[in-house]
Amino acid sequence: MTNTVHSLSDKYGLNNHALLVRFTKSAWGITKKDKEASAKLVQETGAKASMLGVYKKLIDPGQPQFKAITKNQGVASNIFRSMAGPWDKAKGGYWIITTKGLPQLETVMDNLEEKHDKLVGEFIQALPGILADAEAKGGTTYDASLIPSPEEIRAKFQFNLEREVLARGEDNAVLNLSKKMRDDIGNEAKAKEAARFKGVLDHVEETVREKLGEMLVNLREYGDSIKGTKRKRSFKDTQIDHMKGLCDLLPALNITGDQRLAKLAQDIAKHLTQTSADDLRGNKKPGDNRTDARREADAAKVREETADKTEQIIADLDNVFGDADRDAA
């Protein structure tokens with residue numbers, strides 16, 4: 001007897017237009033426990049060994065070549081999370097992205113992986129000097145026997161983008177089990193997938209609301225003092241980049257083909273990405289003969305109009321996301 005578990009993936013044919021991706025990274029672990037110093041401290045303080053420990057660095061963590069590698073890996077993690085959506089929330093689980101969004105993710109990550117390989121090569125090349133510096137700074141705590149070979153160190157710096165196809169409906173078969181067991185397994189599978197659908201939609205909504213909210217505040221309060229600080233509200237170039245990012249994110253995570261998400265991306269692109277940050281700030285450009293007062297007045301008008309559009313889009317988000325999980329219920 002065969003029982004097939006029909007899922008939301010079957011309904012939307014996700015295996016045809018979406019797939020799972022996972023980014024993993026690792027670095028050389030330069031923190032080690034100093035057993036001798038830890039034992040001495042335990043003896044001196046009378047504390048239990050489980051309550052304290054002395055740790056040392058194999059190299060200076062502020063060493064430029066090392067920091068460059070970990071910084072690049074951090075950038076990759078942030079970009080990955082900004083272009084894909086959580087699917088399996090277990091540690092090390094896969095994220096989901098549409099086939100439309102995958103090429104852009106691959107392009108960005110390929111460039112960062114190429115940079116990663118270059119930075120690791122530079123680090124290995126500089127390793128003799130880095131270790132000499134560590135020995136000088138480490139004093140009696142430095143232990144050359146703890147340093148792996150250069151190739152072993154190189155292998156510890158990992159940068160991997162993995163891809164996994166979603167299972168097809170016909171693969172989700174439950175064989176030779178009692179009806180109750182089949183039902184239990186089927187219900188659990190469908191509930192887990194429904195939760196994953198909702199998780200992706202929640203992630204999209206949270207990101208959209210956060211970025212649009214920042215846009216609105218910076219437009220409405222431009223030049224105003226920020227309460228509790230000595231700074232004034234500014235409008236950075238990255239603000240428009242965030243709007244363009246939403247226009248990329250929404251199609252990449254529109255895994256159900258929801259027309260409302262497609263329209264949201266179109267509205268953001270039309271109303272919130274066409275005006276430059278320079279124009280919204282009223283910056284003077286070559287050939288601009290307006291007075292400072294006229295230029296600021298024009299910029300203030302554009303900020304107000306853009307803020308109104310942003311507010312309208314935010315006000316409509318409940319219609320976009322309000323019953324977005326209706327099919328997962």
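**Exercise 1. A glycine in helix 8**

Work out whether Gly245 counts as buried, partly exposed or exposed.

*Solution.* 
- Step 1: Start with the value, which for Gly245 is 32% relative accessibility.
- Step 2: Compare it with the cut-offs: buried means under 20% relative accessible area, exposed over 50%, and partly exposed in between, using a 1.4 Å probe and protein chains only. Gly245 therefore counts as partly exposed.
- Step 3: Helices (H or I, at least four residues) and strands (E, at least two) are DSSP runs, numbered from the N terminus.
- Step 4: Look along the sequence and across space: 34 residues separate Gly245 from Lys211 in sequence, and their C-alpha atoms are 9.6 Å apart.

A note before you go on: this is a predicted model, where local features need pLDDT of at least 70, side-chain atom pairs count only at pLDDT 80 or more, and totals for chains, interfaces and linings use all residues. Residues are numbered from 1 along each chain as its sequence is written, and side-chain values use heavy atoms, with hydrogens and water left out.

**Exercise 2. The whole chain**

How many helices and strands are there in the chain, and what percentage of its residues is buried?

*Solution.* 
- Step 1: Count the elements: the chain has 12 helices and 8 strands.
- Step 2: Turn to burial: of the 329 residues, 36% are buried.

**Exercise 3. The largest nonpolar core**

Find which residues of the largest nonpolar core touch the most other members, and which helix gives the largest share of this core.

*Solution.* 
- Step 1: Recall the term: a nonpolar core is a set of buried Ala, Val, Leu, Ile, Met, Phe, Trp, Tyr and Cys residues joined through side-chain atoms within 4.5 Å.
- Step 2: This core has 36 residues, and Trp87, Ile96, Val208, Leu212, Leu264 and Ile268 touch the most other members.
- Step 3: Elements giving two or more residues include strand 2 (18–26), helix 8 (237–253), helix 9 (259–272) and helix 11 (292–315). Helix 7 supplies the largest share, with 8 residues.
- Step 4: Zoom in on Leu212: beyond neighbours within four places in sequence, its contacts are Met243, Leu246, Ile268, Leu272, Thr310, Ile313, Ile314 and Leu317.
- Step 5: There is also a second, separate core of 19 residues, with Leu58, Ile59, Phe66 and Ile69 among them.

**Exercise 4. Helices side by side**

Work out how helix 8 and helix 9 are oriented, starting from the distance and angle between their axes.

*Solution.* 
- Step 1: The axes come within 9 Å and cross at roughly 160 degrees. Axes are lines fitted to C-alpha atoms, for helices over the stretch in contact, and angles run from 0 to 180 degrees between N-to-C directions.
- Step 2: Helix 8 is therefore roughly antiparallel to helix 9. Angles under 35 degrees count as roughly parallel, over 145 as roughly antiparallel, 65 to 115 as roughly perpendicular and the rest as oblique.
- Step 3: Find the contact residues: Ile240, Met243, Leu246, Cys247, Leu250 and Pro251 of helix 8 meet Leu261, Leu264, Ala265, Ile268, Ala269 and Leu272 of helix 9.
- Step 4: Repeat for helix 9 and helix 11, whose axes come within 10 Å and cross at roughly 170 degrees. These two are therefore roughly antiparallel as well. Here Leu264, Asp267, Ile268, His271 and Leu272 of helix 9 meet Thr306, Lys309, Thr310 and Ile313 of helix 11.

**Exercise 5. Arg281 and Thr98**

Decide whether Arg281 and Thr98 count as buried or exposed, and find their contacts.

*Solution.* 
- Step 1: Arg281, in helix 10, counts as buried because its relative accessibility is 17%.
- Step 2: Its side chain makes a polar contact with the side chain of Asp237 at 2.8 Å. A polar contact is a pair of N or O atoms within 3.5 Å; within protein, one must be able to donate a hydrogen and the other to accept it, and residues adjacent in sequence count only if both atoms are side-chain atoms.
- Step 3: Leaving aside neighbours within four places in sequence, Arg281 is in contact with residues including Tyr222, Phe235, Glu296 and Arg303.
- Step 4: Thr98, in strand 6 (residues 95–98), is buried because its relative accessibility is 4%.
- Step 5: Not counting residues up to four places away in sequence, Thr98 touches His17, Ala18, Pro251, Ala252, Leu253, Asn254 and Ile255.

Notes: Contact = heavy atoms within 4.5 Å.
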